[in-house]
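User: I have a structure to go through for class. Can you take a look at it with me?
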Amino acid sequence: MKKILTIIGSFQKEGAGMEAVQLFQKNFDEQEYEFEMIRLSECNIQYCRGCTACFKHQSGCPIQDDVPNIIEKMVGADGIIWSTPVYGMNVSGVLKTLIDRTSMMLHRPVLYGKQAFVIATADVGGTGLAVKYLKYMNNAYGMASSGGVGIYSHRIKTDREYQNRLTVQLKKEATKFKRALAIDGRARPSLMQILRFTGWKTKNRLSKDAYPGDYDYWQRMGWFEMPYYTPIKLNVFQKIVVRFVTRRTEKIVSKGMGLDQGKG
Ligand SMILES: Cc1cc2nc3c(=O)[nH]c(=O)nc-3n(C[C@H](O)[C@H](O)[C@H](O)COP(=O)(O)O)c2cc1C
């Protein structure tokens with residue numbers, strides 16, 4: 001049984017996003033897939049205050065609200081579906097707040113190997129940006145993005161032809177998502193995933209003093225000695241690109257952290 005967590009970033013209980021999620025989810029056999037839904041509108045999610053305790057210490061964020069519970073559910077799922085309305089050309093505020101609060105998972109990617117799918121709904125524009133942003137974040141969390149769709153809210157409600165086309169599109173996307181869930185997402189990472197790993201590995205190696213919590217975590221996982229979260233073999237081309245990205249990240253981090261003593 002695969003567990004899928006759907007995270008809804010809209011306050012509208014029967015909004016366009018909900019309708020799209022239902023259209024997507026009806027392609028999954030309930031004998032094989034178990035769905036759980038979190039409506040962020042019903043959760044207590046406070047703003048990140050920027051104390052960086054989550055990066056510095058193993059004890060994590062001092063705020064007591066529903067975020068640790070949401071993180072636990074994310075970690076326990078095989079796949080995550082994000083659904084967001086487009087507000088101001090990007091994801092909704094409540095979803096962005098959750099992402100801010102889970103930034104620690106970018107530094108310590110406890111979600112790696114999972115699959116994610118993205119749904120963004122809008123009146124006229126911005127789904128492209130929102131889908132792109134969430135796919136980028138999935139990758140940054142260490143997850144694989146099996147796909148994403150942008151949906152026009154008034155048309156999903158009223159336009160029969162659009163609904164039919166969307167039903168077909170979401171069925172195809174669901175098939176892709178199921179296929180992705182069936183394989184071990186950790187076994188065959190894309191070059192992009194390897195490079196993102198390389199970037200974080202280099203950054204965390206150089207951030208030992210600034211963010212010891214991150215450093216200790218990576219050390220404990222043994223990732224500083226590995227080319228990816230799982231033991232894979234890089235080919236010659238990958239090795240060259242990884243070396244380049246390592247050097248580049250070292251340069252960027254050194255400048256950003258002032259390690260080069262005012263030279264840059
Ligand atoms: C505060 C706010 C900002 C919005 N910004 C945009 C926008 O930038 N672009 C757009 O096309 N629609 C925008 N919309 C419309 C919503 O994206 C659209 O109604 C969406 O489908 C709502 O999804 P839901 O029904 O699942 O909540 C905005 C709506 C609100 C309330």
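This is a predicted model: local features need pLDDT of at least 70, side-chain atom pairs count only at pLDDT 80 or more; totals for chains, interfaces and linings use all residues.

User: How many residues surround the ligand, and which are the closest?
Analyst: There are 16 residues around the ligand, and the closest are Ser 10, Ala 16, Val 86, Val 124 and Gly 125.

User: What classes of residue are in that shell?
Analyst: The shell around the ligand has 7 nonpolar, 8 polar and 1 charged residues.

User: Which atom of Thr 121 lies 3.0 Å from an oxygen atom of the ligand?
Analyst: A polar side-chain atom of Thr 121 lies at that distance. With Gly 125 the backbone is involved: one of its N or O atoms is 2.8 Å from a ligand oxygen. Met 89 also has a polar backbone atom 2.8 Å from an oxygen of the ligand.

User: How much of the ligand does the protein cover?
Analyst: On its own the ligand has 640 Å² of accessible area, and the protein covers 69% of that.

User: And which elements give two or more residues to the shell?
Analyst: Those are α1, residues 16-25, and β4, residues 115-122.

User: Let's stay with α1. How many of its residues are buried?
Analyst: In α1, 8 of the 10 residues are buried, so the helix is largely enclosed by the rest of the structure. Among the buried residues are Ala 16, Met 18, Leu 23 and Phe 24.

User: Back to Met 89. Where is it?
Analyst: Met 89 is in the loop between β3 (79-85) and α4 (93-101). Its phi is positive, about 70 degrees, although Met 89 is not a glycine.

User: Is Met 89 buried or partly exposed?
Analyst: Met 89 counts as partly exposed because its relative accessibility is 45%, and the buried class stops under 20%.

User: Which other residue has a positive phi without being a glycine?
Analyst: Thr 52 is one, with phi near 60 degrees. Thr 52 sits in the loop between β2 (33-39) and α2 (53-56).

User: New topic. What does Ser 153 touch?
Analyst: Leaving out residues up to four places away in sequence, Ser 153 touches Ala 16, Ala 122 and Asp 123. The side chains of Ser 153 and Asp 123 are also joined by a polar contact of 2.7 Å.

User: Which helix is Ser 153 in, and is it buried or exposed?
Analyst: Ser 153 belongs to helix α7, residues 153-158. Its relative accessible area is 14%, so Ser 153 is buried.

User: How far is Ser 153 from Ile 7?
Analyst: Their C-alpha atoms are 18 Å apart in space, and the two residues are 146 apart in sequence.

User: Where is Ile 7, then?
Analyst: Ile 7 is in strand β1, residues 2-8. Ile 7 has 0% relative accessibility, so it counts as buried.

User: What is around Ile 7?
Analyst: Aside from neighbours within four places in sequence, the contacts of Ile 7 include Ile 38, Leu 40, Met 74, Trp 82 and Leu 98.

User: Now helices. At what angle do α6 and α9 pack?
Analyst: Helix α6 (residues 127-140) and helix α9 (residues 191-206) pack at about 65 degrees, and their axes are 9 Å apart.

User: Which residues meet there?
Analyst: From α6 the residues are Tyr 136, Asn 139 and Ala 140, and they meet Met 192, Gln 193, Arg 196 and Trp 200 of α9. By class, this contact has 4 nonpolar, 2 polar and 1 charged residues.

User: Is Lys 135 buried or partly exposed?
Analyst: Lys 135 is partly exposed, with a relative accessible area of 32%.

User: Last one, Gln 219. Where is it?
Analyst: Gln 219 is in helix α10, residues 212-221. At 43% relative accessibility, Gln 219 counts as partly exposed. The C-alpha atoms of Gln 219 and Arg 39 are separated by 35 Å, and the two are 180 residues apart along the chain.

Definitions and conventions:
Residues are numbered from 1 along each chain as its sequence is written. Side-chain values use heavy atoms; hydrogens and water are left out. A residue is near a molecule or strand if one of its heavy atoms lies within 4 Å of it. A polar contact is a pair of N or O atoms within 3.5 Å; within protein, one must be able to donate a hydrogen and the other to accept it, and residues adjacent in sequence count only if both atoms are side-chain atoms. Accessible areas come from the Shrake-Rupley method with a 1.4 Å probe; for residues, only the protein chains shown count as cover. Helices (H or I, at least four residues) and strands (E, at least two) are DSSP runs, numbered from the N terminus. Ala, Val, Leu, Ile, Met, Phe, Trp, Tyr, Cys and Pro count as nonpolar, Asp, Glu, Lys and Arg as charged, and the others, Gly among them, as polar. Buried means under 20% relative accessible area, exposed over 50%, partly exposed in between (1.4 Å probe, protein chains only). Contact means heavy atoms within 4.5 Å. Axes are lines fitted to C-alpha atoms, for helices over the stretch in contact, and angles run from 0 to 180 degrees between N-to-C directions.
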